[in-house]
Amino acid sequence: SNTNIDTDSINSILKHCKNLEKISLEFTTVNNETFKHLSNCKNIDTLNLCQTKGIKIEGLILLLESLKK
């Protein structure tokens, strides 16, 4: 089922929950701050971005760069 959650709430959750392993942001709206917080979640092995709005190349690059470390 889909749950409505605003971008600020997503970012707050990600900022404080750095040990997440799986997260679905399906049908949500994100921003570059979201990807900044995701890049600090080093245990994520599953990330669902289907139908996610607000994805910018800068945010994706930040996330992908963090995977190299």
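## A loop residue: I55

Leaving out residues up to four places away in sequence, I55 touches V30, F35, L49 and L60. In this predicted model, I55 sits in the loop that runs between β2 (46-48) and α3. With a relative accessibility of 30%, I55 counts as partly exposed.

One of the partners of I55, F35, is among the residues of α2 that meet α3. Another partner, L60, is among the residues of α3 that meet α2. I44 lies 11 residues from I55 along the chain, and the C-alpha atoms of the two are separated by 18 Å.

## The chain as a whole

The secondary structure comes to three helices and two strands. Along the sequence these elements follow the pattern α-β-α-β-α. The radius of gyration is 11 Å, close to the 11 Å that the globule rule gives for 69 residues, so the chain is as compact as a globular protein of that length.

Taken along the principal axes, the C-alpha atoms fill a box of roughly 35 × 25 × 20 Å. Of the 69 residues, 26% count as buried. Among contacts between residues at least 6 apart in sequence, 51% join residues at least 24 apart.

## Packing of α1 against α2

Two packed helices are described by the angle between their axes and the distance between the axes. For helix α1 (residues 7-16) and helix α2 (residues 32-39), the axes come within 9 Å and cross at roughly 15°. An angle under 35 degrees counts as roughly parallel, and α1 and α2 are therefore roughly parallel to each other. Their crossing is left-handed.

On the α1 side, the residues in this contact are T7, I10, N11, L14 and K15; on the α2 side they are E33, T34, H37 and L38. Sorted by class, the contact of α1 with α2 has three nonpolar, four polar and two charged residues.

## Packing of α2 against α3

Helix α2 also packs with helix α3 (residues 57-67), at an angle of about 5° and with the axes 8 Å apart. That angle makes α2 roughly parallel to α3.

From α2, the residues N32, F35, K36, L38 and S39 take part; from α3, they meet E58, G59, L60, L62, L63 and S66. By class, the contact of α2 with α3 has five nonpolar, four polar and two charged residues. L38 is listed in the contact of α2 with α1 and also in the contact of α2 with α3.

N11 is found in helix α1. Its relative accessible area is 3%, and N11 is buried. Apart from neighbours within four places in sequence, N11 is in contact with N31, E33, T34 and H37. Of these partners, E33, T34 and H37 are also named on the α2 side of the packing with α1.

T28 lies in the loop between β1 (22-24) and α2. With a relative accessible area of 6%, T28 is buried. Not counting residues up to four places away in sequence, T28 touches I5, I10, Q51, T52 and K53. One of these, I10, is among the α1 residues that meet α2, while Q51 lies in the loop between β2 and α3.

F27 is found in the loop between β1 and α2. Its phi is near 65°, a positive value in a residue other than glycine. At 45% relative accessibility, F27 counts as partly exposed.

C50 is placed in the loop between β2 and α3, and at 44% relative accessibility it counts as partly exposed. Setting aside residues up to four places away in sequence, C50 touches E26 and F27. C50 and I13 are 37 residues apart in sequence, and their C-alpha atoms are 19 Å apart in space. Q51 has a phi near 60°, again a positive value in a residue other than glycine. The relative accessible area of Q51 is 55%, and Q51 is exposed.

Technical notes: Residues numbered from 1 in each chain as written. Predicted model: local features only at pLDDT ≥ 70, side-chain atom pairs only at ≥ 80, totals over all residues. Heavy atoms only, no water. Axes fitted to C-alpha atoms, helices over the stretch in contact; angles between N-to-C directions. Helix = DSSP H or I, 4+ residues; strand = E, 2+ residues; numbered from the N terminus. Parallel < 35°, antiparallel > 145°, perpendicular 65-115°, else oblique. Left-handed = near helix turned anticlockwise from the far one by under 90°. Contact = heavy atoms within 4.5 Å. Nonpolar A, V, L, I, M, F, W, Y, C, P; charged D, E, K, R; others polar. Rg over C-alpha atoms; globule rule 2.2 N^0.38 Å. Buried < 20%, exposed > 50% of the residue type's maximum accessible area, 1.4 Å probe, protein only.
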